[in-house]
Amino acid sequence: MSAPSVTSRSTLVPAPAIAPPDARVPVVLGVTGHRSLRRGDEDGIVAQVRALIARMRREAPNSPIVLLSALAEGADRLVARVALAEGAGLIAVLPLAQDNY
């Protein structure tokens, strides 16, 4: 099996930050949301994401949890920060060439 990689505009680049594959099947959560979040909504979103990740851990205790996101400003990045803080992995789908980031 080849090493994991990240694809950015059909350019395949090594992804050393991704753990080597194992026999576990991941739970992959996708996120997309508004770019402009209301301040009052952020705490609720954080709580819901934490609760979802905790639920996934209870229901699939042997599976790694991975978030799939385009990392747009707003909800995408908020959820990514929470997921990473909760120990989930992150796969970023980059719509532009990697040099643009």
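Colleague: How many bridges join E3 to E4?

Modeller: Four, and the two strands run parallel. Bear in mind that this is a predicted model.

Colleague: Which residue in E4 is the bridge partner of Val28?

Modeller: Val66.

Colleague: And what sits on the sheet, touching E3 and E4?

Modeller: H1 packs there, and its direction makes about 160 degrees with that of E3. H2 also packs on the sheet, where it touches E4 and E5. The angle between the directions of H2 and E4 is about 165 degrees.

Colleague: Back up a bit. What is the strand order in the open sheet?

Modeller: E3-E4-E5, three strands with parallel pairing. E3 and E5, the latter covering 89-92, are the edge strands, each pairing on one side only. From one strand to the next, the twist averages 25 degrees.

Colleague: New topic. How many residues are in the largest nonpolar core?

Modeller: There are 16. Leu29, Ile53, Ile65 and Leu67 have the most contacts inside it. The elements giving two or more residues to this core are strand E3 (27-30), helix H1 (39-59), strand E4 (65-69) and helix H2 (75-85).

Colleague: Which of them gives the largest share?

Modeller: H2, with five residues.

Colleague: What is Ile53 in contact with, leaving aside its neighbours within four places in sequence?

Modeller: Leu29, Ile65, Ala83 and Glu86.

Notes: Residues numbered from 1 in each chain as written. Predicted model: local features only at pLDDT ≥ 70, side-chain atom pairs only at ≥ 80, totals over all residues. Heavy atoms only, no water. Core = buried A, V, L, I, M, F, W, Y, C linked by side-chain atoms within 4.5 Å. Buried < 20%, exposed > 50% of the residue type's maximum accessible area, 1.4 Å probe, protein only. Contact = heavy atoms within 4.5 Å. Pairing = 2+ DSSP bridges. Axes fitted to C-alpha atoms, helices over the stretch in contact; angles between N-to-C directions.
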